[in-house]
Amino acid sequence: AAERSGYFRSARLDENVQKITKDYETHQNASNDEEQAARLDVARSFQNFLHEVLAESSGKTGELRAASLSLLLEAPEGLLSLKDLVQPLCSMLELGLQHSPMAETGLRVLETWLTNRREELLPALPECVRSLRPYLDRGDGLSE
């Protein structure tokens, strides 16, 4: 029952995040002051929600942890600092050793950061690279 409860909470979380993301993107290109204020309000609410998820994500397990990490790493850029996202990325890569879609997400996020946020990433790059070491240690076993 606890697993099912976690699954439903994860699905509900995903549904709510999709709604918030849609609102955020709708107001992203606001043209007048009222729309700009609405965009900032949505962004602030989404940012607060992401900070709550970030604070609670380390205590989550299973699918709920995976959903929390995915939410954090795939949120619109700029709502959380890269410094806040390094640990979730490392956790995502760690989980990816058992579940390849998590590894794919983590690697995609790291590639994006290397392309779009290189300067901001440089101080955290050694920690990110250490998270990739277990993949090298696995060698050919990764494709099994």
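Helices (DSSP runs of H or I, at least four residues) and strands (runs of E, at least two) are numbered from the N terminus. The structure is a predicted model, in which local features need pLDDT of at least 70 and side-chain atom pairs count only at pLDDT 80 or more, whereas totals for chains, interfaces and linings use all residues. Residues are numbered from 1 along each chain as its sequence is written, and side-chain values use heavy atoms, with hydrogens and water left out.

The protein chain contains seven helices and zero strands, giving the order α-α-α-α-α-α-α from the N terminus on. Of its 144 residues, 35% count as buried, where buried denotes under 20% relative accessible area, exposed over 50%, and partly exposed the range in between (1.4 Å probe, protein chains only). Among contacts (heavy atoms within 4.5 Å) with a separation of 6 or more, 56% involve residues 24 or more positions apart.

Four salt bridges are found in the whole structure, each defined by a side-chain nitrogen of Lys or Arg within 4 Å of a carboxyl oxygen of Asp or Glu. One of them joins Arg133 and Asp137 at an N to O distance of 3.0 Å; these residues lie four positions apart in helix H7 (residues 125–138), and are therefore separated by about one helical turn. Asp137 is exposed, at 52% relative accessibility.

A salt bridge also links Glu120 to Arg117 (3.2 Å, N to O), in which Arg117 is buried at 9% relative accessibility, while Glu120 is partly exposed at 39%. In the salt bridge between Lys60 and Glu56, the closest N and O atoms are 3.9 Å apart; Lys60 is partly exposed at 25%, and Glu56 is likewise partly exposed at 46%.
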